[in-house]
Amino acid sequence: MKQKTRILTVDDEEGMRRSLEVVLKDEGYTPVSACSAVEALKLLERLSVDVVIMDIKMPGLSGTEALKRMKSTNKDLPVIMITGYGSIKGAVQCIKEGAFDYITKPFDTDEISRVVRNAVKVRKLTNENRYLREKLRPKYNFDNIIGQSKSMAGVYEIINKVIDNDVTVLILGESGTGKELVTRAIHFNSLRKNKPFISVSCAALPESLLESELFGYEKGAFTGAVSQKAGKFELAEGGTLFLDEIGDMTLSTQAKILRVLQERKFERVGGTKTLKVDIRIIAATNKDLVEAIKKKEFREDLYYRLNVVSLSLPPLRERVEDIPLLVKHFIEIFNRTHHKKVKGVSSEAMEILLKHQWPGNARELENIIEQAVILGENEVISPQDLLIKTPADLEESRMYSLESTSLKEAIEKMVSTSEKEIILDALEKTGWNYTKTAALLGISNKTLYNKMKKYALRKIGTQK
């Protein structure tokens with residue numbers, strides 16, 4: 001059973017504590033109380049709470065001094081101060097000392113509820129952010145960008161140079177070459193590593209949604225905008241914003257991105273207030289932007305703003321010597337993830353992996369190794385465990401198709417195969433977000449679900 005949010009109330013007046021407890025219980029929280037600041041500090045040593053509501057003026061240790069001690073041991077704990085009308089100056093001082101907010105006596109229950117809800121939300125986001133930072137830090141260090149080939153040595157050299165030089169980076173490469181992995185490695189090893197990392201797929205959303213996603217919007221800016229929403233630029237403040245597949249962005253949106261790069265400021269959709277941002281932008285694309293410029297599909301001025309430092313990731317077929325290292329790395333990961341004990345691959349299986357063309361690059365190899373680890377029954381992966389077609393398999397399949405099916409059946413099969421591949425590619429691009437995938441394909445969610453069921457499409461590691 002999920003534990004309710006616990007709120008600690010600290011006040012020397014019993015009536016005040018009881019009044020606060022009633023409000024908190026009505027909001028669904030679990031209230032605990034202390035009659036003095038000293039008792040509250042002792043309670044915090046043995047009990048975890050999400051928010052503290054504390055009076056400023058109390059006998060003995062004051063709320064102001066207790067606040068300082070609480071923040072010294074748990075700087076992320078939201079502390080709301082209670083003050084009388086004559087002590088607003090003291091409340092403001094508490095804000096400077098790190099208090100989340102203050103409430104004046106006699107208090108309004110709606111105001112208390114609102115302030116506490118905001119404090120709980122901030123506490124939750126802070127905890128999630130800390131968890132993600134600790135989880136992602138080991139995942140995105142250089143040890144996880146695998147490769148000893150000459151082409152990868154050049155990638156490492158550029159990454160090392162840009163980590164602490166706060167420049168805009170443009171990463172080029174085919175789908176599946178690891179553009180986001182490299183971006184995360186840059187961020188989580190840079191001076192901005194303790195600030196947010198925000199990723200946006202520019203191809204996953206239509207223009208109208210992408211603009212509001214990037215810049216946010218004001219209440220009433222359009223139908224459905226029932227409240228103000230911060231965009232990705234705001235959320236990435238102090239950190240890194242990754243614009244993936246920027247080559248798919250429309251020209252009008254490109255113009256707005258250019259302004260942010262030039263002036264480091266923007267307005268929310270429907271807003272007039274100019275917001276300033278301090279962020280690092282890293283962009284990536286699998287398209288030839290120089291060719292796109294010639295076709296008037298990409299702004300030349302934006303290209304030069306993005307291309308301060310360019311980093312090209314080689315396709316897997318051009319660094320075949322790295323495949324054994326990648327295979328070993330993926331086996332170790334999926335052994336831990338799926339509680340398996342696979343020791344390696346047979347020489348025959350490795351030969352198939354080395355000869356495959358890898359149109360999906362390292363991502364395709366990762367998926368195939370995960371499938372083999374999950375479905376294989378032996379300690380060593382054999383050719384039978386690899387769900388890829390050898391040249392002989394493809395030729396046999398082609399001959400069988402020509403000999404045993406009619407033209408109509410062959411066409412239907414080709415259409416189904418293409419449709420399946422298109423849907424799978426869209427799912428991969430959106431991180432298996434069904435709503436975004438349906439929007440990208442121009443179909444309804446229901447149609448997408450039906451087609452996924454038809455082709456038995458599901459993300460590896462999820463239940464059927």
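I take contact to mean heavy atoms within 4.5 Å.

**Entry 1: Leucine 214.** I looked up leucine 214 under that definition, leaving aside its neighbours within four places in sequence. Leucine 214 is in contact with Val200, Gly231, Lys232, Phe233, Leu243, Met249, Thr253 and Ile257.

**Entry 2: Basis of the entries.** I note that this is a predicted model, in which local features need pLDDT of at least 70 and side-chain atom pairs count only at pLDDT 80 or more, while totals for chains, interfaces and linings use all residues. Residues are numbered from 1 along each chain as its sequence is written, and side-chain values use heavy atoms, with hydrogens and water left out.

**Entry 3: Nonpolar cores.** I use buried for under 20% relative accessible area, exposed for over 50% and partly exposed for in between (1.4 Å probe, protein chains only). A nonpolar core is a set of buried Ala, Val, Leu, Ile, Met, Phe, Trp, Tyr and Cys residues joined through side-chain atoms within 4.5 Å. Which members of the largest core touch the most other members? Of its 31 residues, they are Leu214, Phe233, Leu241, Leu243, Ile257, Phe298 and Leu306. Among the elements that each supply at least two residues of this core are strand E7 (197-201), helix H8 (207-215) and helix H10 (251-263). The largest share, 4 residues, comes from H10. I also found a second, separate core of 23 residues, which includes Met54, Ala66, Leu67 and Ala99. In soluble globular proteins, nonpolar side chains tend to be buried together.

**Entry 4: Helix H1.** Helices (H or I, at least four residues) and strands (E, at least two) are DSSP runs, numbered from the N terminus. The buried residues of H1 are Met16, Arg17, Leu20, Glu21, Val23 and Leu24. These residues lie on the same side of H1, because they cover an arc of only 165° around the axis, taken from the directions from the helix axis to the C-beta atoms. The face turned away from this buried side carries the exposed residues Arg18, Val22, Lys25 and Asp26. Glycine 28, with a positive phi near 90°, follows H1.

**Entry 5: Strand E1.** I asked how many of the 5 residues of E1 (residues 6-10) are buried. The count is 5 of 5. Arg6, Leu8 and Val10 point one way from E1, and Ile7 and Thr9 point the other way. In a regular strand the side chains alternate between the two faces of the sheet. Two strands pair if DSSP finds at least two bridges between them; E1 and E2 (residues 30-34) pair in the parallel sense over 5 bridges. Arginine 6 has threonine 30 as its bridge partner in E2.

**Entry 6: Glutamate 237.** Where does glutamate 237 lie? I located glutamate 237 in the loop between helix H9 (232-235) and E10. Its relative accessibility is 37%, so glutamate 237 counts as partly exposed. Glutamate 237 and lysine 195 are 42 residues apart in sequence, yet 7.6 Å apart in space, C-alpha to C-alpha.

**Entry 7: Cysteines.** The structure holds 0 disulfides (pairs of cysteine sulfur atoms within 2.5 Å). Is cysteine 94 buried or exposed? Cysteine 94 counts as buried, because its relative accessibility is 0%. Cysteine 35 is partly exposed, at 38% relative accessible area.
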